[in-house]
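Subject: Structure for you to look through

Dear colleague,

I am passing on the structure that we spoke about, and below it you will find what turned up when I went through it. Please keep it open while you read, so that you can look up each part as it is mentioned.

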Amino acid sequence: MHKRPHSTSEDRAPLNGVGGPANGHGHGPTIFGVGGSAPPHAASRYVVTAKSGCVRRCLMSSAVSVDSNEVRVDMDALCARVFRLVVLLFGIVFSVLYFGPGLDLIAGGSTGVFSGSSDAPVSFQSPSAGEPFVERPLPSPPPESLLQARTKRWEDEEEESCRFPSFLNPDETFYNMEKGNHVMEYGDQQRKGHFRYRLKYARERHGAGLAKEIEANNATGKKSISFLHIGKAGGSSLSCNIRGALPYAYHCPHYSGKQETIVGFPLNGDIEGEFSKMVNCYVHYDFRTHCFDNPTLALNIRNPIDRLASWYHYEHIENMDVLWGDRIKSCGQQMLFKCYNGFYDLAEYGLAGTRPPPTQLLQVKRNATEDVCRHWAWAVVQGTAAASFHNIWNYDWYGSPALAFGREIIAFRAKHNEEDWRRVDILLGGNGTVPSQMHANDASKKKIPVHNATISEQGHLNLCRALCHEIQVYKQLMTAAINLNEEDTLESLRELNCPDDMTPEVRFCPQNYFDYTV
């Protein structure tokens, strides 16, 4: 059984108080319970016609007699319009109060998904677009075999309740799956609020120390580099060769939990690379976000579809006992993996049709309908509903702020780790030596019950559609990386093989993420 990533009280901010981690206000998921004509002539007399006595009394005093011409105004209809306007204004005010921490990022000068660095230029191009939502035809129902297997999985489930991860659910509230609950998606504003809260907290705790390190390194001509470890993209293997990541390299050979390091580092008697010597800050999940303030940010990246497949099997509810022992299974895991037991079904059926609107409440309940299952599929794949951790901590979480802050970018592509490491070592003054343990944490060697990552052509296209935003961030990271060239980016996009994303140019993702058909 693996333990959780190391964290101290200095790493983890309090889970309560103003500006709390879930959405900037200390809340977890919001639970909503169980279970033209031309204007009248200027010289006209307005005659109020209203059935309501109160309307008549309130408005008759404003009727003006000018001449014998009359224009009759149905005040009941007018009143209904005013009422609708009041309701709309109330909704806007509520949204500002509830999602406030992130709204200034929309109205302010940043065009990125995240902000928080007042002295950094903004270079991130937001792929979001205000295009109208276009309905796609509903897909054909899933095969009867899938529906029967889904029913059987729920029949075999002994748990009656579930909860969300603590970063979304600080009170660790449990939800009864028998009665059913409704919960909001972890939307854009909650994500922004959580990131800003964590950034502020980490800067207060560690910002001064990092600033001194940067100043000292600048005096000697040494780079200050943060390693942003993106989950399920080859980051654990890279960590085995990075001194600054050793306290958290618990997947690596010869790791000592007591010493919080790899005994005998570098592994196999290798020579420590220049990159390892310059990494002085490490980010994973929402820990140590002050590291985003380093001048250079290095990220491990992977084909977004491959990364999602790796997450799917790593956190699949049936694989948890093998990989994580008695680790609690979240509501998102219960819902998604009961609905679609295989990656093929998730891509083929879960992502078919139009994406359910993010404003529509998710349902936490047993024996979910196909519509409920599809909603969970889209929300989890796009990182707006947590199914454990790594689907939430995606390219948008790590890559968007790295781009928005205007930092220097280094990228290690999972399929090309050796070549990318060699180039980085040379750029930093080394001789291009590559460590012998670049794939120390090989997930393919782990025996797990659910492991088939095969998908159909239609499933592949569905994933391209659903991951549109993630793919745009992925492209921008490769384009910005100082160690990659245009051919490297094109090579990785060919490996991804999404029809509308074969070139590095960033495109806008409409709300239904394009209608691909085979």
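**Strand β7 and its neighbours**

Strand β7 (residues 225-228) pairs with strand β10 (residues 279-283) in the parallel sense, and 4 bridges make up this pairing. Please bear in mind throughout that this is a predicted model. Within the pairing, I225 has V279 of β10 as its bridge partner, while S226 stands opposite C281 of that strand. β7 is also joined by 4 bridges to strand β11 (residues 296-301), and these two strands likewise run parallel; here S226 stands opposite L297.

Which residues of β7 lie on each side, and are they buried or exposed? I225 and F227 lie on one side and S226 and L228 on the other, and all of them are buried, which leaves both faces of the strand covered.

Helix α14, which spans residues 457-466, is mostly covered, since 8 of its 10 residues are buried. The buried residues are G459, H460, L461, N462, L463, C464, R465 and A466, and if you look for what covers them, you will find that the cover includes α7 (304-314), α10 (343-350), α11 (370-381), α15 (468-480) and α16 (486-496).

**A cavity**

Rolling a probe the size of a water molecule over the atoms shows where empty space is left. The second largest cavity has a volume of about 70 Å³, and its lining is formed by C240, N241, F265, P266, L267, D270, I271, E272, G273, S276, W421 and P435.

**The chain as a whole**

To place these parts in their setting, the chain contains 16 helices and 13 strands, and 52% of its 518 residues count as buried. The chain exposes about 23,400 Å², of which carbon and sulfur atoms supply 55%.

With best wishes

Notes
Residues numbered from 1 in each chain as written. Predicted model: local features only at pLDDT ≥ 70, side-chain atom pairs only at ≥ 80, totals over all residues. Heavy atoms only, no water. 1 Å grid on protein atoms, 1.4 Å probe; cavity = no way out; pocket = protein on both sides within 12 Å on 5 of 7 lines; lining within 4 Å. Points joined across faces, edges and corners; volume = space filled by probe spheres on them. Buried < 20%, exposed > 50% of the residue type's maximum accessible area, 1.4 Å probe, protein only. Areas by Shrake-Rupley, 256 points an atom, 1.4 Å probe, with all protein chains shown as cover. Contact = heavy atoms within 4.5 Å. Pairing = 2+ DSSP bridges.
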